[in-house]
Amino acid sequence: MRGVANAVSAAPAPAPAPGFGEALERLAELWPKPRIASGAPGEGERTAADLFSDKEWIEALLAAQMRITPGLDRKAQAAYLASYYATTITTAGAGLIVGCGIVPDLAPEKVWLGIDPARDDLAFQDSSLRFSPSPVAVRGGKAPVDMFRVQIEAHFAPLVQRLHRATALPPHALWRLVGDALGAGLLDAGQKFGAEDEAKRIALDVLKRPGSALSNCQLHFFEVSVPNPGGGLATRTVLARGGCCRLYTAPGGDVCTNCVLRKPGERERLAEDALRRELENRR
């Protein structure tokens, strides 16, 4: 859960919305992992609905978080699981809506997953994710944001309830982590597709909607600028998270650099420091 920001880099302007198959190929070039496809399920893949209802699978994934970060308590295990899994789903969803104007069908019974919790080096990004071949919206690069929000809510609602019952981590804390992953995924997609302003607009429309489970008044974006050794200023957009992964509760853990628990101004200073170090390392 560490990490501060997403680097700003030049990227080509978004092309007109391609077909779904072409869009998935395009995403695979930018995000090799998770492995994204559509159509009939592959060997070892199960629907998200099936997996969310499988207590043994959930418990195995919770236990796997201890291999990633030893010493996590049950609530922190749930926080890590929600964050890693949400990153897997939102990486694909954000890339599709920002870069291709497509909203995939995220109904849990229509999303197939290949995730092995027994792996010693479990990494959700190194998993398979298969969508229904029929997305819910393809509209020339301007997919309906409300439809995207509804799909995200529908996909994560059963997982949030399962993790809450298993660990007692409150649903609102889990939803905040889903929102953080979505905000980060949209910012990353916006930077890769040269559509950062549009990506931030989608993020704020989805994550600031009153009455939505995803609504979070504390999540926001901010910019930092530092002198560039090559001249001028280097600027970076940063996500200020609205949730907390509870890393600070683990032995030797700390509050993450862009965590909601950071004091006002502290996240900005840390983000500036990180950008400055990155520029110095490039010299």
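Q: Why is A168 called partly exposed?
A: A168 has 44% relative accessibility. Buried means under 20% relative accessible area, exposed over 50%, and partly exposed in between (1.4 Å probe, protein chains only). The value for A168 falls in between, so A168 counts as partly exposed. This is a predicted model, where local features need pLDDT of at least 70, side-chain atom pairs count only at pLDDT 80 or more, and totals for chains, interfaces and linings use all residues. Residues are numbered from 1 along each chain as its sequence is written, and side-chain values use heavy atoms, with hydrogens and water left out.

Q: Where is A168 found?
A: A168 is in the loop between α5 (145-167) and α6 (171-192). Helices (H or I, at least four residues) and strands (E, at least two) are DSSP runs, numbered from the N terminus.

Q: Why is S127 called buried?
A: S127 has 1% relative accessibility. That is under 20%, so S127 counts as buried. S127 lies in the loop between β4 (112-114) and β5 (128-131).

Q: Which residues does S127 touch, not counting those up to four places away in sequence?
A: S127 touches P34, R35, T88, G114 and I115. Contact means heavy atoms within 4.5 Å. P34 is in the loop between α1 (20-30) and β1 (35-38).

Q: What kind of peptide bond joins K33 and P34?
A: The bond is cis, with omega about 0°. Most peptide bonds are trans.

Q: How do you know that L275 is buried?
A: L275 has a relative accessible area of 4%. This is under 20%, so L275 is buried. L275 lies in helix α8. Beyond four places in sequence, L275 touches V224, V226, A234, T235 and R236. The C-alpha atoms of L275 and V226 are separated by 7.4 Å, and the two residues are 49 residues apart along the chain.

Q: Why are α3 and α5 called roughly perpendicular?
A: The axes of helix α3 (residues 55-68) and α5 cross at roughly 70° and come within 11 Å. Angles of 65 to 115 degrees count as roughly perpendicular, under 35 as roughly parallel, over 145 as roughly antiparallel, and the rest as oblique. Therefore α3 and α5 are roughly perpendicular to each other. The contact is made by K55, I58, E59 and L62 of α3 and L159, R162, L163, A166 and T167 of α5.

Definitions and conventions
Axes fitted to C-alpha atoms, helices over the stretch in contact; angles between N-to-C directions.
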